[in-house]
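Trainee: I have not seen this structure before. Can we go through the terms used for it, one at a time?

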Amino acid sequence: MPQIQASLSSIATMDTSDPLANKREAFQLPKNKIYLDGNSLGPMTFAAKLRAEKVLAEQWGDDLITSWNKHQWIDLPEIIGEKIAPLIGAAEGQVICCDSVSINLFKVLAAALSLNTKRTKILSQSDNFPTDLYMTQGLQNLLGRERCELVTVTEDSIIESLDDSIAVLMLTQVNFRTGRVLDIQSITQAAKEKGILVIWDLAHSAGAIPVKLDEWQVDFAVGCGYKYFNGGPGAPAFVYVAKRHLCDLEQPLSGWMGHRSPFDFSPDYEKPSSIKQFLCGTPSVISMSVLDESLNLFKDISIEMIRQKSLALTDLFIQKVKQNDCLNGLKLITPLEHHLRGSQIAYCHNDAYAICQALIAQGIIADFRAPNILRFGFSPLFLRFKDIEDSVSSLVDVIENKKYLQEEFNKRLAVT
Ligand SMILES: *Cc1c(COP(=O)(O)O)cnc(C)c1O
C-alpha cells in the first residue's frame, strides 16, 4: 500500500507541475469521460464554439456576402497557413489551408512529378495510411504507369530502396497503426542525394511532434486540421510547398481560387507564383473559422513543450500497463525509444475490438484499428497524468473481469 500511495502522489505532482495544465480549461470536455482519441478527432474548445456561433449569426447571418471582405473570409486559407507554419518549422509564404489531406496529396504528388519528369516512380511505405496509397493509385490510373508508378516497401527498407528511378518519395512520419516515427531529416537527406523529391504526410505529427520542414529541406508536406490542431470534424487540411519550387511546378487542380486574379474571371488559368496556387475552390468558411480559432491555443506554447508532455504521458501509460500482470496479453507494438515513438500507443490483442468497446462503455474513449489493434492517443493539451492512471484502471477491470466478452461489445459498428 505505501508504494501505491507514493506513486499516486507523484502522479498528482506531475499534474500540478505540468506547464500545460491550464490549457485543459480551454476545452469543453464531457464529464466522466477520458478522451484518448484526440489524435483522431481533437475535442472542441469553448473559443471554437463561440467563433462558430459568431460566424453563423453575425457574419453569415447579418453581413452576408460582404463578409468575404469585411470578416476576411477570403484570406482565411492564408491566415491559417501562417498560423500553422511556425508549428512545422516553415517560414512565411509556404503553407496554405485548404481541402482534405487526400486532395492535397493528389496536388503535391502531381506537382512533384511535374518537377522530376525524367523519372516515373513514387515510392511509399507499404503500411502507409490507405488514402496516401489510394490517391497515388488514382494518379497512376490517370497518367498511366509509364508516367506514374507506385512502388511500396516496408519502413525498414526505405533508405536502401532509394535509387535513380524514383521521382518522388511519399511517406507518413508517424505510422497510424504502430505509432512509430520515421526520421524526416535523415530520410529526406538520403533522398535528396539521389535526386528524389520528398513528400511528408504529417497527419499524426503536426501539433504533437516538432518538425523543421525548412531546415530539413523537405520539398512538400501535408497535414490534418482535425487531429492535434482540434479544428473540428472534417476541418480542412494544410499543404506546405518549399518556396524554391513555387515558380516551376504545376498542380492539376487549377481551380479559380488558385488563379493569379480570380475576380478577373478570365477564361484561361494563370498561376500565381505564391502558395495560393494550391487553392482550388471556395474555402469552407465555417470549418476554417473554427480551425483558425482552435490554433490560437498554440500561440503561447512551443511544440517542444507538447512533445515533452506527450512522452511523459505515453511513458506513464506503458509503465502502468506493464505493472499489471493481467494485461500481459496486450502486445505493445509501439517503439519504446522516445525518438521512435509518436503521440499514440498501440497494442495487439485478438479481442482488441471488444476491449475497445468495453472501455468506451466505461467512459474511456480509445480506438480500434483492424484487424487487432487497440490504439490510445495522447493529446497533451487536455490530458492529465491522473487520466492515464484512471484509464489503465479501467483497462484492468475490462480485462481482468473479462467484461469485453459480453455480447454487446462484440458487435461491429460502421465507424470503428
Ligand atoms: C488522418 C489521416 C489522413 C486524413 O486524410 P483526409 O483526406 O483529410 O481525410 C491522411 N493521412 C494520414 C496519414 C492520416 O492519418
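Mentor: Start with residue classes: Ala, Val, Leu, Ile, Met, Phe, Trp, Tyr, Cys and Pro count as nonpolar, Asp, Glu, Lys and Arg as charged, and the others, Gly among them, as polar. In this predicted model, the lining of the largest cavity divides into four nonpolar, two polar and no charged residues.

Trainee: Which residues line the largest cavity?

Mentor: They are Gly-207, Tyr-228, Ile-306, Ser-379, Pro-380 and Leu-381. Tyr, Ile, Pro and Leu count as nonpolar, and Gly counts as polar.

Trainee: What makes a space a cavity, and how many cavities of 30 Å³ or more are there?

Mentor: In a cavity a 1.4 Å probe fits but cannot get out, whereas a pocket is an open set of points. The count comes to one cavity of 30 Å³ or more. The largest cavity has a volume of about 30 Å³.

Trainee: What is the volume of the largest pocket, and what takes up its space?

Mentor: About 420 Å³ of space lies in the largest pocket. The elements that give two or more residues to its lining are α5 and α6. The space of this pocket is taken by the ligand.

Trainee: How many residues line the largest pocket, and how do they divide into classes?

Mentor: The lining has 26 residues, of which Phe-129, Thr-131, Tyr-226, Lys-227 and Arg-369 lie nearest the centre of the pocket. Eleven of the lining residues are nonpolar, eight polar and seven charged.

Trainee: Which residues surround the ligand?

Mentor: The shell consists of Ser-100, Val-101, Ser-102, Phe-129, Thr-131, Asp-132, Thr-172, Asp-201, Ala-203, His-204, Tyr-226 and Lys-227. By class, four are nonpolar, five polar and three charged. Helices α5 (101–115) and α6 (130–143) each supply at least two residues of this shell.

Trainee: What is the peptide bond from Ala-370 to Pro-371, cis or trans?

Mentor: That bond is cis, with omega near 0 degrees. Pro-371 lies in the loop between β12 (367–369) and β13 (373–377).

Trainee: What phi does Asp-99 have, and where is Asp-99 found?

Mentor: Asp-99 has a positive phi of about 50 degrees although it is not a glycine. Asp-99 is found in the loop between β2 (95–98) and α5.

Conventions: Residues numbered from 1 in each chain as written. Predicted model: local features only at pLDDT ≥ 70, side-chain atom pairs only at ≥ 80, totals over all residues. Heavy atoms only, no water. Near = heavy atom within 4 Å. 1 Å grid on protein atoms, 1.4 Å probe; cavity = no way out; pocket = protein on both sides within 12 Å on 5 of 7 lines; lining within 4 Å. Sits in = over half its atoms within 2 Å of the grid points. Helix = DSSP H or I, 4+ residues; strand = E, 2+ residues; numbered from the N terminus. Points joined across faces, edges and corners; volume = space filled by probe spheres on them.
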